[in-house]
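Hi,

Here is the structure I promised to pass on. Have a look at it first, and my notes follow below.

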Amino acid sequence: MKVTFFGHASFAVETAGKTLVFDPFITPNEQASHVDLSQIRADYILLSHGHADHVADVEAIAKANNAKIISNFEVVSWFGNKGIEGHPMNHGGKWRFDFGTVKYVNAVHSSSMPDGSYGGNPGGFVIWNDEGCFYFAGDTALTEDMKLIPLTCPKLDFAILPIGDNFTMDAEDAALAAEFVQCDHVIGCHYDTFPYIEIDHEAARAAFAKRGKKLTLLAIGESVEF
Ligand code: NI
Ligand code: MN
């Protein structure tokens with residue numbers, strides 16, 4: 001699995017011959033100005049919730065690639081009204097796609113669409129296939145529900161967790177989340193994009209090291225293989 005960071009909570013994961021794009025917020029992010037949206041390929045766009053800092057570039061990427069959205073029912077319906085095809089899910093459910101199995105899991109956050117309409121409840125994704133298994137938490141607080149993931153899903157190879165504080169977990173809580181989900185390698189996200197979520201990188205890495213976990217902070221545009 002090849003993971004590429006596009007800034008904030010935006011990622012691409014290439015696996016099983018498909019490209020999954022998560023929470024695309026690229027053109028409004030000045031720090032990602034070197035990322036060319038037209039170069040981003042997507043077979044699927046997975047959305048954790050409806051907030052603008054997670055869905056800003058969905059329409060452009062979906063229409064350029066004929067990509068299908070995977071999210072909660074409300075987010076999928078909202079984009080469906082714009083003519084974008086999607087697969088609706090809800091918490092606790094899983095579905096076998098052509099790239100692997102997706103389980104939509106709990107997140108503690110909020111969700112509204114950019115026009116203020118109802119965005120359902122926010123979630124995260126656990127995704128697995130023959131190449132491995134990973135958790136994309138979305139925006140979330142630390143929650144005991146994370147302990148259900150190792151009980152109900154294959155062993156995680158890596159997890160993408162928010163660490164920016166204020167709107168989500170900070171690095172200390174995210175390191176505990178890594179223990180809850182029993183995962184040793186975490187890719188951090190949702191930090192440094194806005195003044196509210198600027199973090200000390202060394203302190204964040206230390207918070208994970210203290211629990212025997214590795215935190216990777218990718219440069220925008222950088223990729224890592226699992
Ligand atoms: Ni949010
Ligand atoms: Mn957010």
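Helices (H or I, at least four residues) and strands (E, at least two) are DSSP runs, numbered from the N terminus. Both His54 and Asp139 are buried, where buried means under 20% relative accessible area, exposed over 50%, and partly exposed in between (1.4 Å probe, protein chains only).

Before you go further, some housekeeping: this is a predicted model, so local features need pLDDT of at least 70 and side-chain atom pairs count only at pLDDT 80 or more, while totals for chains, interfaces and linings use all residues. Residues are numbered from 1 along each chain as its sequence is written, chains are lettered from A and ligands numbered from 1 in the order in which they are written, and side-chain values use heavy atoms, with hydrogens and water left out.

Next, have a look at Lys103, in strand S8 (residues 100–106). Lys103 is buried but has no salt bridge, and the nearest side chain of opposite charge, Asp145, is 11 Å away. For charges, Lys and Arg count as positive and Asp and Glu as negative; His and the chain ends are not counted. A salt bridge is a side-chain nitrogen of Lys or Arg within 4 Å of a carboxyl oxygen of Asp or Glu. What the Lys103 side chain does have is a polar contact with the side chain of Thr152 (3.4 Å). A polar contact is a pair of N or O atoms within 3.5 Å; within protein, one must be able to donate a hydrogen and the other to accept it, and residues adjacent in sequence count only if both atoms are side-chain atoms. Leaving aside residues up to four places away in sequence, Lys103 touches several residues, including Phe125, Trp128 and Cys153 (contact means heavy atoms within 4.5 Å).

On to helix H5 (residues 171–180), where the buried residues include Ala171, Ala174 and Phe180. The buried residues of H5 pack against H4, strand S11 (158–162), strand S12 (185–189) and helix H6 (201–209). Asp170 caps the N-terminal end of H5, with a side-chain oxygen 3.2 Å from the backbone nitrogen of Glu172. Just after H5, Gln182 has a positive phi of about 55 degrees.

Finally, the salt bridges: the structure has 9. One of them joins the side chains of Asp98 and Lys18 (3.5 Å, N to O). Asp98 is in the loop between strand S7 (94–97) and S8, and Lys18 in strand S3 (residues 18–22), so the pair ties together parts 80 residues apart in sequence. Asp184 and Lys213 also meet in a salt bridge (3.1 Å, N to O). Lys213 counts as buried at 12% relative accessibility, while Asp184 is partly exposed at 49%. Glu59, Lys63 and Lys82 are linked in a network of salt bridges.

Cheers
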